[in-house]
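User: Can you walk me through this one? I have some questions about what holds it together.

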Amino acid sequence: MMLYGDSPTEACARAGLRGKTMANLIRAVNLTRGTVLCERLEDAGGLGGQSRGLLGRDRLEPGTGMLFENGRFTPMMWMHMFFMRFAIDIIFLDRSGKVAKINRNLKPWRVSSMVFGARVALELPAGAATASATEPGDQIRFEPLS
């Protein structure tokens, strides 16, 4: 569970998953709605991985997504869609795991909202936020998959 101030990485470490790849180990659950937001999140990794993100892919498979973590002292997050080939949903979470902002169906060559206080961004297939009924203010929990 993502506790106040925990990052998804910290949540996995607390669950005994330190040092393992997060690609097949984390899912995002919307506690407010009782729905699964993303069945399998892939960690974007460090600066190099975050710079690359989803570039070079033709699509995201249903139920998959990419997780980006903001630096602890960076006041805001934003994402760009330069050179992307498909639209996505971007869900920004604050420090406590609540949805701060949702950019739905963000198309290639666009820029997301700048979200002050965002700590985590989830890039999901277009329509994933609507399918899970996720709205701003909802509480999201990260669960390690076994």
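Analyst: A salt bridge here is a side-chain nitrogen of Lys or Arg within 4 Å of a carboxyl oxygen of Asp or Glu. By that rule, Arg27, Glu39, Arg141 and Glu143 are linked in a network of salt bridges. Keep in mind that this is a predicted model.

User: How many salt bridges does the count come to?

Analyst: The count comes to 5 salt bridges. One of them joins the side chains of Arg27 and Glu143, at 2.8 Å from N to O. Arg27 lies in strand β1 and Glu143 in strand β9, so this pair ties together parts that are 116 residues apart in sequence.

User: What else does Glu143 meet in a salt bridge?

Analyst: The side chain of Arg141, with an N to O distance of 2.5 Å.

User: Is Glu143 buried or exposed?

Analyst: Buried, at 16% relative accessibility. Its partners sit on the other side of the cut-off. Residues count as buried under 20%. Arg27 is partly exposed at 22%, and Arg141 is partly exposed at 22%.

User: Which residues is Glu143 in contact with, leaving aside neighbours within four places?

Analyst: Leu25, Ile26, Arg27 and Val29.

User: What about Asp138, which residue does it form a salt bridge with?

Analyst: Arg33. The closest N and O atoms of Asp138 and Arg33 are 2.9 Å apart. This pair also links distant parts of the chain: Asp138 is in the loop between α3 and β9, Arg33 is in the loop between β1 and β2, and they are 105 residues apart. Asp138 is buried, with a relative accessible area of 2%. Arg33 is partly exposed, at 40%.

User: Let's back up to the fold. How many helices and strands?

Analyst: The chain has 3 helices and 9 strands. From the N terminus on, the order is α-β-β-α-β-β-β-β-β-β-α-β.

User: Now the inside. Which residues touch the most other members of the largest nonpolar core?

Analyst: Ala28, Leu41, Ile91, Leu93, Leu122, Leu124 and Phe142, out of 17 residues in that core. At least two core residues come from each of β1 (26-30), β2 (35-43), β5 (88-94), β6, β8 (118-125), α3 (128-131) and β9 (140-144). Apart from this core lies another, of 16 residues, with Leu60, Met79, Phe86 and Ala118 among them.

User: Pick Leu124. What does it touch?

Analyst: Leaving out residues up to four places away in sequence, Leu124 touches Leu37, Cys38, Leu41, Leu60, Thr64, Gly65, Ile88, Asp89 and Ile91.

User: Where does Thr130 lie?

Analyst: In helix α3. Thr130 counts as exposed, at 55% relative accessibility. Beyond residues up to four places away in sequence, it touches Asp89 and Arg104. Thr130 and Arg104 are 26 residues apart in sequence and 8.3 Å apart in space, C-alpha to C-alpha.

User: Switching to the surface. Which residues form a nonpolar patch there?

Analyst: Trp78, Phe82, Phe83, Trp109, Val111, Met114 and Phe116. Together they have about 820 Å² of accessible area.

User: How many aromatic pairs does a search of the whole structure find?

Analyst: It finds 2. Phe82 and Trp109 form a tilted one, 6.0 Å centre to centre with 35° between the planes. Phe82 is in the loop between β4 (76-77) and β5, Trp109 is in the loop between β6 and β7, and the two are 27 residues apart. Phe82, Phe83 and Trp109 form one aromatic cluster.

User: What is the phi of Phe83?

Analyst: About 70°, a positive value although Phe83 is not a glycine. Phe83 is found in the loop between β4 and β5, and it is exposed at 59%. Trp109 also has a positive phi, near 70°.

Methods: Residues numbered from 1 in each chain as written. Predicted model: local features only at pLDDT ≥ 70, side-chain atom pairs only at ≥ 80, totals over all residues. Heavy atoms only, no water. Patch = residues over 30% accessible without salt bridge, like charges linked within 9 Å, V, L, I, M, F, W, Y side chains within 5 Å. Areas by Shrake-Rupley, 256 points an atom, 1.4 Å probe, with all protein chains shown as cover. Core = buried A, V, L, I, M, F, W, Y, C linked by side-chain atoms within 4.5 Å. Buried < 20%, exposed > 50% of the residue type's maximum accessible area, 1.4 Å probe, protein only. Helix = DSSP H or I, 4+ residues; strand = E, 2+ residues; numbered from the N terminus. Contact = heavy atoms within 4.5 Å. Phe/Tyr/Trp six-rings, centres within 6.5 Å; stacked < 30°, edge-to-face > 60°.
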